Amino acid sequence: MKDPLRLTREVIPASQSIQLTVDPRRQEFSGQTVIDLEVRESVSQFRFHARDMKLDRVTLHHGTERIEVAHESGVSKGLVTARASRPLVPGSYILEIEFSAPFNTQATSLYRMETGGAAYAFTQFESDDARGAFPCWDEPEFKYPFQITLTVPCGDLAVTNTPIEWVKPVGVSTIIRFKKTPPMPTYLLAIAVGPLETVPVPDLRIPGRIIAPKGQAALTAEAMKVTAPILAALEEYFQRPYPYEKLDQIAVPEFWPGAMENAGLVTYADSILLVDSRAASVVQKRNLCAVMAHELSHMWFGDLVTMEWWDDLWLNESFASWMGDKITHQLYPELSIDTEEIAGADRAMLTDAKPSTRAIRQPVSANENFLQAADELAYQKGQRVLGMFERWMGPEKFRQGVIDYLKAHEWKNAAAADLWKALGAAAGKDINTPMATFLDQGGVPLVSVEPAKDGITLRQHRFVNYGVKGNGEMWQIPVVLKTSSGETYAVLLTGREQHVALGKEIAWVHPNAGEEGYYRWKVPGSMLDAMTEAPARAHLSVRERVGLIANVTALLDAGEIHGDEYLRVLGRFADDTAPQVINSLLNGLSKVEIAFVTEPLEGAYAAYLRKTLRPAFDRWGLEKKSGEPDAVSFLRPRLLYRLANEGRDAALMKEAQRLAHAYAHDAASIDPALATNALRLSAMRGDGALFSEYQRRFETTQIPADRQRYLLSLGEFRDPALVGRALEYALDSKTRPQEVLTIPNVISEGDLVNEDRAFEWMTANYAAIVKRIPPDVAAFLPQFADGCSEARLERATKFFADPAHQVEGTQKELAKVADSVANCVSLRKREGPSVAEFLRKH
């Protein structure tokens, strides 16, 4: 069925010039656009997009003839219908429109902001917000050249996707014409205007710059250092040069998506791109490298070749996540991005175990909240599935398929089927059929191992949380087994069960060797015991040990393992020498905290936590040592936070307060990896004076990472009066649209005494919140009802039943929250007594 909110192809754009007058000091902007149209069949009307703007003049020309056009704005999605005074015969036409509009104030479309006493204008167009900046055909299948001309105040820098063609001063303004772009969709266009500073990036084949707001150029050194190696590695993989004339990367203070792959002008949240080299943590360095590699991967996969419609958004993002992590690990293995990927895949599988999950590939209507499609399924599930099939095909064959796909569709649109066709041709076998079992149905498979004569039997069914039933789903699963004798076996599991001959007796089988498959697994209890005891663990890689903990946590959700046994298995990993494994252990203990630790159990759990984790902390210590692996620096702040907070370790809490005090006086005086959590811990026992001091520092710092640190810390104060003060401050004009929910989110995940406060704040301030945050983010407000409280979920269900408390996608998010709460409540009732008994004994 045709989507009534989609544009049709009887009239399509061939090219478009856009002239905008952008003065960030004003509240409005204006412009005109000239669009070369191709009328492909006789029509008397056509549609385009223009939202929240006044169309002052709309004219249509066919050769020398001017055709009168009436226009009418629709009620949804910014659709405008243009009606010609006579039928339009096939041929070439020119559409001219003059328009004006207010700047957006929620960090979407073309928006203005002020920081450091200066005004700026930026854009964020994905998915459908270019239509708020200028009239256009705002759907990804319309891929055509643009030429942008900007009139800006003298002294302001203006940048867009292409280099400058010419500049002309006119009075107090400057007119800047930029070169015509290659074919591209509207969502990849970008504009920035303001007193920006630029720093050239060395060692690039094309011009490149890091661009920062006024006064922040000194924070660009880390980004400059990693750009050239990342770009070179990507060019090597794709076997073709970077496809655009320049590469500008710009730090935006008010930017909610994190980063955006605009062709030739990549935008980043300032906290990602701008790093204080004096006090840069390893987390900041990893984020910078991983996000940059992800975004630059898009220059080929997403920009050069673009999806036809948003139903293939998952492929755009999963490929960039997979490619970005591959390149980051290749260049910077010390950053442990390979084990971080396991946590991402685990989040996707947790979602896939719920009834509210969806197929990763499914129809998407124009009326949907596209941000909901950019979830852990689109990113992390897709990434893991691509990696699983790369291993099944062989890396070089997979790469050749990608190269062939890019060559066949360069500067055009393509669909997922085009990639599967190219991969299948390179592999010499059917890729689409097994891949479709992971893409066209929701859920994640469970692969069970049972001993059998001369080997094992593998069985599959859908993995679901306890009490949920599957629907007989089947997958074609590339399984890789690892045995206690060190051998590996690759099997494509296509049926409900399959025998695998091993030829010898084995003590255990790890069903996901290398932790690269997108499936859960289960082995008999005796095998799990054998595999997790110290001698056997040495035969498992770090990735396998990290993944094993995540898998056992999922088995707890499914009712496949009891709570006390779960804690015993976790305890076996407490002496592991790999920091990444202890990090995974912390993730496993989070399940205990959320599902089982109520106020009466906090003391017993604190003692268990100290007994389990303090030896690991003491092994690495508080001070960073010379030559220490970066993996320790990722772990140390998490251990400090958990032991001082949930573990009630008074000595470490005192150390955290000392570190916070030192950092406030000299950021370079402590290990930067500890700064964020030291500040957060210090706030827990802080008074009103400390709250005011952290608030002042949040408002005045010029270091984006510090701004984040102090904002997070404002959510950690535990005094009830200061919790109220923090929640009130969340909606203060000093917070930016992407920051409004930070404090409430911290409070909702913090002290059990205050766990309802954030939800109550959201319901009391819903209208004000929705006016401040980016519009698509409003659909996610039901997440404040997440946790283990049926009463809070009931209140949320009633609250969001009111149409005044709904936006597109609200009910989808509420359904996910309901699944999560139901699982937590069920788990607490089912296993709570055994966990409580275990904690009190141990």
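Predicted model: local features only at pLDDT ≥ 70, side-chain atom pairs only at ≥ 80, totals over all residues.
1. The axes of α12 (residues 542-558) and α14 (residues 579-595) cross at roughly 10° and come within 8 Å of each other. Angles under 35 degrees count as roughly parallel, and α12 and α14 are therefore roughly parallel to each other.

2. The contact between these two helices can be followed residue by residue. On the α12 side it involves Val 542, Arg 545, Val 546, Ile 549, Ala 550, Thr 553, Leu 556 and Asp 557. On the α14 side, Gln 580, Val 581, Ser 584, Leu 585, Gly 588 and Lys 591 take part. Sorted by class, the contact of α12 with α14 has 7 nonpolar, 4 polar and 3 charged residues.

3. The next point concerns strand β24 (residues 455-463). Of its 9 residues, 7 are buried, so β24 is largely enclosed by the rest of the structure.

4. Strand β24 pairs with strand β23 (residues 444-452) in the antiparallel sense, over 9 bridges. Within the hairpin that β23 and β24 form, 2 residues lie between the strands, and Asp 454 takes a positive phi near 65°.

5. Strand β24 is also joined to strand β27 (residues 497-501) by 5 bridges, and these two strands run antiparallel.

6. Ser 448 stands opposite Arg 459 in β24, and Arg 459 stands opposite Glu 497 in β27.

Terms used:
Residues numbered from 1 in each chain as written. Heavy atoms only, no water. Axes fitted to C-alpha atoms, helices over the stretch in contact; angles between N-to-C directions. Helix = DSSP H or I, 4+ residues; strand = E, 2+ residues; numbered from the N terminus. Parallel < 35°, antiparallel > 145°, perpendicular 65-115°, else oblique. Contact = heavy atoms within 4.5 Å. Nonpolar A, V, L, I, M, F, W, Y, C, P; charged D, E, K, R; others polar. Buried < 20%, exposed > 50% of the residue type's maximum accessible area, 1.4 Å probe, protein only. Pairing = 2+ DSSP bridges.
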